[in-house]
Amino acid sequence: MSIPILWLIFTSAAIVGMVGYDVAIKLATEQINVFAFTTILVGFAFAMHLLALLVYKVTVPDASLSLNTKTIGWAALGGLGLVVMDIGFYLGVKYGGLAMTNAVWLIGGLILSVILGYYAFHEPIDIKKIIGVAFGLLAIYLMVV
């Protein structure tokens, strides 16, 4: 299977997962405490990640699962970011609504990722990306004001 097709499949799955996440949070905001909800969310996600790892290891038995302190550290940092994101997004949806919170979250993350990519990872930036960031800022302004 070609790389663009795989990319499309995985990206589509990510979009479906994101919408499921968004809907679950929107429905939960009036029914459950943020910390109880995110604890259940993380516990279930942990179980599903273990299942995915098991399926992966069964289907690709020679795959290396080696870890070192650096990779564990990066994963822990990502996990910390996920906790901050889950709690912040939940409370943002509760107090600001799903559409506005999601727009600011996604566009804001995109803008910061472009800036971080340029400065930290030396990814190229061109006029199209600069225009995209400008439109993103305009979109955030229009959603919030």
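**Inside the fold**

Modeller: Helices α1, α3 and α5 (127-144) are among the parts that cover the buried residues of α4. Keep in mind that this is a predicted model. Helix α4 spans residues 98-121. Its buried residues are T101, N102, A103, I107, G108, I111, V114 and G117. After α4 comes H122. The phi angle of H122 is positive, near 55 degrees.

Now to the aromatic rings. Two rings pair if their centres lie within 6.5 Å. By this rule there are five aromatic pairs. Take Y21 and F89. Their ring centres are 5.7 Å apart and their planes meet at 25 degrees, so this pair is stacked. The cut-off for stacked is under 30 degrees. Y21 belongs to helix α1 (residues 3-28), and F89 to helix α3 (residues 69-96). The two residues are 68 residues apart, and the pair links distant parts of the chain. Are these two residues buried or exposed? Y21 has 17% relative accessibility, so Y21 counts as buried. F89 is buried too, at 3% relative accessible area.

A second pair is F37 with Y90. Here the ring centres are 5.4 Å apart and the planes stand at 40 degrees, so the pair is tilted. F37 sits in helix α2 (residues 34-59) and Y90 in helix α3, so the pair ties together parts 53 residues apart in sequence. F37 is buried, with 13% relative accessible area. Y90 is buried as well, with 1%.

Y90 comes up again at V34. V34 lies in helix α2. Its relative accessibility is 7%, so V34 counts as buried. Which residues does V34 touch, leaving aside its neighbours within four places in sequence? V34 is in contact with I87, Y90 and L91. V34 and D86 are 52 residues apart in sequence, yet their C-alpha atoms are 8.9 Å apart in space.

Helix α2 also holds T39. Is T39 buried or exposed? At 55% relative accessibility, T39 counts as exposed. The cut-off for exposed is over 50%. A polar atom of the T39 side chain lies 2.7 Å from the backbone oxygen of F35. Compare the position of T39 with that of A28. These two are eleven residues apart along the chain, and 13 Å separates their C-alpha atoms.

Last comes the empty space. Rolling a probe the size of a water molecule over the atoms shows where such space is left. The largest pocket holds about 610 Å³ of space. How many residues line the largest pocket? There are 22 of them. V42, A45, F46, H49 and L82 lie nearest its centre. Helices α2 and α3 each supply at least two residues of this lining. Which helix gives the most? It is α2, with twelve residues. By class, the lining has 18 nonpolar residues, three polar ones and one charged.

Methods: Residues are numbered from 1 along each chain as its sequence is written. This is a predicted model: local features need pLDDT of at least 70, side-chain atom pairs count only at pLDDT 80 or more; totals for chains, interfaces and linings use all residues. Side-chain values use heavy atoms; hydrogens and water are left out. Rings of Phe, Tyr and Trp (its six-membered ring) pair if their centres lie within 6.5 Å; planes under 30 degrees apart count as stacked, over 60 as edge-to-face and the rest as tilted. Helices (H or I, at least four residues) and strands (E, at least two) are DSSP runs, numbered from the N terminus. Buried means under 20% relative accessible area, exposed over 50%, partly exposed in between (1.4 Å probe, protein chains only). A polar contact is a pair of N or O atoms within 3.5 Å; within protein, one must be able to donate a hydrogen and the other to accept it, and residues adjacent in sequence count only if both atoms are side-chain atoms. Contact means heavy atoms within 4.5 Å. On a 1 Å grid over the protein atoms alone, a cavity is a set of points where a 1.4 Å probe fits but cannot get out, and a pocket is an open set with protein on both sides within 12 Å along at least five of seven lines; lining residues have an atom within 4 Å of a point. Grid points are joined across faces, edges and corners, and a volume is the space filled by probe spheres set on the points. Ala, Val, Leu, Ile, Met, Phe, Trp, Tyr, Cys and Pro count as nonpolar, Asp, Glu, Lys and Arg as charged, and the others, Gly among them, as polar.
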